[in-house]
Amino acid sequence: MPYLEINSSHFFHNYHTILETISPNKPQKIAIVLKDNAYGHGILEIANLAKQANIQTAFVKNTQEALSIAPLFNTITILYPSQNAPDFKTALKTPNLYFCAPSLESLQNYPQHTSIELKIDSGMHRNGISKTDLNTAFDLIKKRNLHLKGIFTHNGFGDDVNSAFYTQNMEFLAIKQEALKLCQHYGILRPRFHSLSSSGAMRASQFDANLPQELQDDLYRVGIAFYGYLCSDFQNPPLKPIAALFANKISTLKLKKGSNIGYSGMGILEQDSIVSTYDIGYGDGFFRLRENMQLHSAEGFRILPRASMDCISILTDAPKVCIFNDVRSLAKAFDTIPYEILAHLHAYIPRIVV
Ligand SMILES: *Cc1c(COP(=O)(O)O)cnc(C)c1O
């Protein structure tokens with residue numbers, strides 16, 4: 001069986017790097033994003049490491065994820081809660097869980113006393129209510145007796161060298177100012193504010209820290225940086241990837257130069273070689289290697305196309321092989337981002353924390 005080795009010292013190294021870069025004096029501002037099985041790293045394993053680092057705040061995808069780690073954090077926000085989820089009612093009764101409210105309709109649907117975080121669109125035009133609906137939202141929150149715990153947005157331009165990132169920050173500042181007025185008007189306590197993910201927080205935490213206290217963000221929602229990556233063109237903090245994927249050998253053949261390997265014989269040997277298969281394939285969420293791809297294991301062994309559903313062929317007879325300990329080259333080969341390679345790894349692959 002393949003397994004994912006999670007390097008805890010790399011995790012703590014990343015945490016300290018994040019802390020120093022973003023919020024050296026206020027560690028309570030660092031929240032960890034654990035959605036999608038902690039980006040494929042194993043939500044329980046990463047939540048436990050976060051607890052050891054004394055991180056108090058987490059963000060997850062759904063109620064199932066939230067309930068699985070509920071005792072480990074002060075508050076957990078569910079970014080995509082679904083009323084159809086079988087554990088939705090249990091989640092509503094769990095006091096430290098907050099529910100994202102991305103629309104005016106969602107404010108109509110939550111039962112009274114639900115703790116919500118209101119999502120506002122500040123320019124990404126994805127999820128969230130428009131700033132012009134803020135007043136209506138406050139009215140609904142008051143009438144329907146919802147507990148407004150947070151107001152947040154998602155600045156989706158942190159990786160890009162252009163002004164959109166700053167425009168969105170200014171927009172959220174205006175939203176915060178408006179929200180504070182409405183809080184006063186409706187007699188609602190100031191909710192927490194947050195808007196920045198890994199790259200955005202590294203870029204704008206200084207801008208934010210220079211704002212008057214009540215207008216500052218209270219949290220930074222850090223995901224990918226904890227896992228050791230940043231997909232930014234111009235920032236390169238010393239992060240270390242925390243996951244390494246290993247696969248075990250299934251069988252070995254000694255083959256002559258010119259032999260064809262795998263479906264349609266797409267892998268062709270350039271010399272007499274020893275070739276083994278290893279127990280990971282696209283059925284396990286590992287991307288499917290195709291012809292013309294030049295990929296190597298972490299040890300430098302050539303991985304031959306095409307990959308199968310449950311196995312891949314590699315030019316070695318080592319009993320186990322490290323498929324990756326840094327997904328950047330894979331992400332490049334597959335024309336995607338590290339997030340996608342990692343988040344695809346199936347939850348049943350064992351995660352071993354070392
Ligand atoms: C995924 C996500 C994040 C984390 O983004 P990273 O780039 O991984 O730091 C933050 N906020 C929201 C709303 C998200 O969905």
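Where does the ligand sit? In this predicted model, the ligand sits in the largest pocket. A pocket is an open set of points on a 1 Å grid over the protein atoms alone, with protein on both sides within 12 Å along at least five of seven lines. A molecule is said to sit in a pocket if more than half of its atoms lie within 2 Å of the pocket's grid points.

Because the model is predicted, local features need pLDDT of at least 70 and side-chain atom pairs count only at pLDDT 80 or more, while totals for chains, interfaces and linings use all residues. Residues are numbered from 1 along each chain as its sequence is written, and side-chain values use heavy atoms, with hydrogens and water left out.

The protein has 11 helices and 18 strands; these are DSSP runs numbered from the N terminus, with helices (H or I) of at least four residues and strands (E) of at least two. Taken along the principal axes, the C-alpha atoms fill a box of roughly 80 × 45 × 35 Å. Of the 354 residues in the protein, 54% are buried. The term buried denotes a relative accessible area under 20%, exposed one over 50%, and partly exposed a value in between, with a 1.4 Å probe and protein chains only.

The shell consists of Val33, Lys35, Tyr39, Leu79, His154, Ser197, Ser198, Arg221, Val222, Gly223, Ile224 and Tyr339, where a residue counts as near if one of its heavy atoms lies within 4 Å of the molecule. Helix H2 (35-39) and strand E9 (220-222) each supply at least two residues of this shell. By class, the shell has six nonpolar, four polar and two charged residues. In this scheme Ala, Val, Leu, Ile, Met, Phe, Trp, Tyr, Cys and Pro are nonpolar, Asp, Glu, Lys and Arg are charged, and the others, Gly among them, are polar.

An N or O atom in the side chain of Tyr39 is 2.5 Å from an oxygen atom of the ligand. For His154, a polar side-chain atom lies 3.5 Å from a nitrogen atom of the ligand. On its own the ligand has 390 Å² of accessible area, of which the protein covers 93%; accessible areas come from the Shrake-Rupley method with a 1.4 Å probe.

Attention then turned to backbone geometry. Most residues other than glycine have a negative phi, and most peptide bonds are trans. The peptide bond from Pro305 to Arg306 is cis, with omega near -10°, and Arg306 lies in the loop between strand E15 (302-304) and strand E16 (312-314). Asp36, in helix H2, has a positive phi, near 50°. This residue, Asp36, is partly exposed, with a relative accessible area of 27%. A positive phi, near 55°, also occurs at Asp335, in the loop between helix H10 (328-333) and helix H11 (338-343). Asp335 is exposed, at a relative accessible area of 72%.

Met124, in the loop between strand E6 (115-119) and helix H7 (134-143), is partly exposed at 28% relative accessible area. Its C-alpha atom is separated by 6.0 Å from that of Gly156, with the two residues 32 apart along the chain. Ile188 is found between helix H8 (164-186) and strand E8 (192-194) and is buried, with a relative accessible area of 15%. Ile188 and Leu148 are 40 residues apart in sequence, yet 7.8 Å apart in space, C-alpha to C-alpha.

Ile280 lies in the loop between strand E13 (273-278) and strand E14, where this residue is buried with a relative accessible area of 0%. The C-alpha atoms of Ile280 and Met309 are separated by 7.8 Å, although the residues are 29 apart along the chain. Ser297 occupies the loop between strand E14 (295-296) and strand E15. Ser297 is buried, at 5% relative accessible area, and its side chain makes a polar contact of 2.8 Å with the side chain of Glu299. A polar contact is a pair of N or O atoms within 3.5 Å; within protein, one must be able to donate a hydrogen and the other to accept it, and residues adjacent in sequence count only if both atoms are side-chain atoms.

Methods:
On a 1 Å grid over the protein atoms alone, a cavity is a set of points where a 1.4 Å probe fits but cannot get out, and a pocket is an open set with protein on both sides within 12 Å along at least five of seven lines; lining residues have an atom within 4 Å of a point.
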